[in-house]
There are 2 protein chains.
Amino acid sequence: MEVPAGKYQSELYSRVRDPRLLSKVTAAEATIPLFRNGMYLGFSGFAEGHPKTVPALLADHVEHNNLVGRMRFNVFTGASIGSDVDNRWSRLRMIDRRWPFQQGDTIRLAINEGAVSFGDRHLSMFAQDFGYGFYTLENGGKIDIAIIEASCLTRDGAIVPTFAVGIVAELVARAEKIIIEINTRIPSFEGLHDCLSFAAPPNKSSYPIHRVQDRIGSTSIPCDPDKIVAIVESRKDPVARPLGPADETSEQIAAHVIDFLSHEVKCGRLPEHLLPLQSGVGTIANAVFGGLLHSPFTHLNVWTEVFQDTLMDLYDAGKLDHVSAASFSLSQQGLERLFGQWERYTKYTVIRPIQITNHPEPVRRLGLIAMNTPIEFDIYGQVNSSLVNGSYMLNGIGGSGEFMRNAYLSIMHTPSTRPTRTDPIGISCVVPMVSHVDHTEHDMDILVTEQGLADLRGLAPKDRARCIIDNCAHPEYRPILNDYLRRASRECLSKGRGHEPHLLHKVFKMQRNLERRGTMRISGWA
Amino acid sequence: MEVPAGKYQSELYSRVRDPRLLSKVTAAEATIPLFRNGMYLGFSGFAEGHPKTVPALLADHVEHNNLVGRMRFNVFTGASIGSDVDNRWSRLRMIDRRWPFQQGDTIRLAINEGAVSFGDRHLSMFAQDFGYGFYTLENGGKIDIAIIEASCLTRDGAIVPTFAVGIVAELVARAEKIIIEINTRIPSFEGLHDCLSFAAPPNKSSYPIHRVQDRIGSTSIPCDPDKIVAIVESRKDPVARPLGPADETSEQIAAHVIDFLSHEVKCGRLPEHLLPLQSGVGTIANAVFGGLLHSPFTHLNVWTEVFQDTLMDLYDAGKLDHVSAASFSLSQQGLERLFGQWERYTKYTVIRPIQITNHPEPVRRLGLIAMNTPIEFDIYGQVNSSLVNGSYMLNGIGGSGEFMRNAYLSIMHTPSTRPTRTDPIGISCVVPMVSHVDHTEHDMDILVTEQGLADLRGLAPKDRARCIIDNCAHPEYRPILNDYLRRASRECLSKGRGHEPHLLHKVFKMQRNLERRGTMRISGWA
């Protein structure tokens, strides 16, 4: 992708169409003096679409000028941004506070050692509350500087995003100063987005989306030109997401899911072409979409966060009618495929801000079939998506709670066990009580492991417990869980408090055994 | 309220305006042979508005014919129905399965002893999923008999509800047979409701409500006349809700809430006349509305579940512009006041089904200030609303989760302690970890006790913990909780897993001490 520098230059200017803004074009290095220790920063992006050039230069500045620990920022984004930023900034102690989601080994370490104040929240709720100023209370509700990766700026100075919209509208509303990174390394994404400006009650409008393809906004985000302090060129490639390998467990889970969907169609509870599908990222999600590729289902629609490689397979197979997503997040091969056949993969695709993609209003009206992968769930259907053993943060809840709460069918899928260093099935993903709750039993319809599928609809707690243990738990853990349920039921029912029986003094024994002995396989509950 | 029988008779016929339906008018006793053991029944109602005559006759039938335990039903309602039904039916072992909310000592006992299979779910989600047939899977998605209290039937045979709409539209869609109880003891509520028929995806419509008073439906619910098998007269009075006494703790909590709202207006984060208020039922809710009555706030709007007595005080004071509610639930005095000045209290009031009142779409768009009372919350902001000590069911979550998740400001208020038999502050409502989670830390903005108010917006977990302990915990429990936080932080941070520090082997020590010694006051965590 080597192109002469002159090409970049003219390409950059061709993407700044508002003549008022031309004078703001500058070298990226010129923005560095704008940054001060303690500032509140906002980044565009959601999995991709984050600024890559100014953050890297700022990190260089900190690294080369002995400023580690003396240039710390509060960083707000749409969701995960590239680990190039999160990891490097964490290593250079540039992140003080960070919301609402992250991915990266270094930042995770920093969070769990207490060096970064991280918080997670349902993504559309975060976007909204960030817009209301709730995350910047002590800064007068303001973001000091927003850095936004853009495809171009329109004649009216409106911002056309790249791979994702994220919280750009909210950033534009809250930022004192805005730096635009025009990414000339990639084609313009103009026309692909469906954006709304930010509004607060009592002036919020409806989202009249009745089909996945319905558009309700515009393809760019209006921006006060006076806020834009710099427009710089970015020549950074997008961050490719490695494709996870397929595995037998994921294939088995996908088979259970597709059997179930077929059954629901047969019973008249799902239409022939299903309802819009939402799926998290990862191996199981890929297996489910792979399964759909080889299933008899046609004319599928997808309403999800991340447009992954597998969706291109579905488009190619003529099985996919429309996609609405928050972001593209593709492998290197997938990126080349997207840019190589742009029209094919984008004609029926719309990219929206998380304010819309994750909002209960379209999710419930469209009636999604939502599928996500948790850390663990318990016998009554409480689900942990964020904190291992109650304390160790992985990435955050992201949008899982919004889909699980509001979908037509809420499906959580996970392998029944995970390995530890000493025991290949040392962790049971089915436990008596999850060590942290992100999604409640009031939100779950279906739980799936490679062992089978538990249909919890209409079941009371003790019936749910039997259904989950019988269908989802690994055979090694089934007797352990059944024994817990039996003991807890006996003790609680005899005392007249057995609606959802638990033995609080023993309930975390499996997790505790994992901490001390590297396996959840305990010898008993006595 | 004694009126000659002839009056009733003509009153009844005047309320059945569809001539096709006149032939279905019959004696309530004539419906009893329709009922069979194991049937799926649906009742209208939400706090009030439930059928009172046929259920009572059916209970008589069971009681007098030695059928106890041999006439058991699956009972589905909008929320709580009168304890006259729930308690008596439980005593006569007439309830097998019961969703989604209940109130009554006898049914609570039966649930916690395992005699009734109870399940709770977010109310608008329950209504929707009930409409989809998810609660009646093994009955072919059908309700065998729906019993609906009505004010009247229109010329087209549509049903005009009474005190509440509840899940009438969903019942009409799912029921094989419908029994209508025309309540002639109370005036007709015609004109007060805003009803929608039931629809499933992909055919669900928007709820274009932008102000509390906006109406989007009709004042009655269309019903297939062939489904109506009987129209009977009901002469039962509504069930009055006793007014809870005011107390100092509630007054202190209300004062904190009103101070906070005033502060938010001053900071420009709330409009001068606030945003629509939602409030649960009970003493604290009454105190908050009482506080608003004596505050400088005017032109208030309320979007809530239950229209309580205090709202009439606000109307009288000229401080209340509009109310949207799911139900009236009034004291005896309040009922007389409502019927005595019908126009005054209903002119700006609209009663809607829970499919609308609790739906995230209007709740988020309108931007509610939502206030509810939990059982307990923990230092990180997880909240328990349903299960005492993890196992003992009180009433169910009701609509609390829908308001807490979607409101503009999510406020949970509770006394900091509750008494046990042996210790006047034996229960701390602030604990290290709640014994059951109904609402997560990702949903809470503000926690309040009589001690003070914790503003959690934008805070990371360990900061939340300090804020909650300092502001909300009772002084007796503050050192205990601080000691837990210190120990948990030390241990987890040293192991690099301290995002939300917990000691799983000790975390329920306070609850465990309560079970064994009648108080949560422990001597230490060692």
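1. In this predicted model, Cys195(B) is buried, with a relative accessible area of 3%. Cys492(B) is likewise buried, its relative accessible area being 1%.

2. The largest nonpolar core comprises 174 residues, and Ile180(A) and Ile180(B) have the most contacts inside it. Leaving aside residues up to four places away in sequence, Ile180(A) touches Ile148(A), Ala150(A), Leu153(A), Ile159(A), Ile228(A), Ala230(A), Ile231(A) and Val232(A). A second, separate core has 96 residues, among them Met412(A), Val212(B), Val430(B) and Val507(B).

3. Helix H2 of chain A covers residues 53–64, 12 residues in total. From its first C-alpha to its last it reaches 16 Å, close to the 16 Å expected at 1.5 Å a residue. Just after H2(A), Asn66(A) adopts a positive phi of about 60°.

4. Which residues of H2(A) are buried? They are Thr53(A), Val54(A), Pro55(A), Leu57(A), Leu58(A), Ala59(A) and Val62(A). An α-helix has 3.6 residues a turn, so residues three or four places apart point the same way. The elements of chain A that cover the buried residues of H2(A) include helix H3 (83–91) and the strands E1 (40–43), E2 (73–76), E5 (143–150), E8 (175–183) and E9 (228–234).

Conventions. Residues are numbered from 1 along each chain as its sequence is written. Chains are lettered from A and ligands numbered from 1 in the order in which they are written. This is a predicted model: local features need pLDDT of at least 70, side-chain atom pairs count only at pLDDT 80 or more; totals for chains, interfaces and linings use all residues. Side-chain values use heavy atoms; hydrogens and water are left out. A nonpolar core is a set of buried Ala, Val, Leu, Ile, Met, Phe, Trp, Tyr and Cys residues joined through side-chain atoms within 4.5 Å. Buried means under 20% relative accessible area, exposed over 50%, partly exposed in between (1.4 Å probe, protein chains only). Contact means heavy atoms within 4.5 Å. Helices (H or I, at least four residues) and strands (E, at least two) are DSSP runs, numbered from the N terminus. The expected span of a helix is 1.5 Å times one less than its number of residues.
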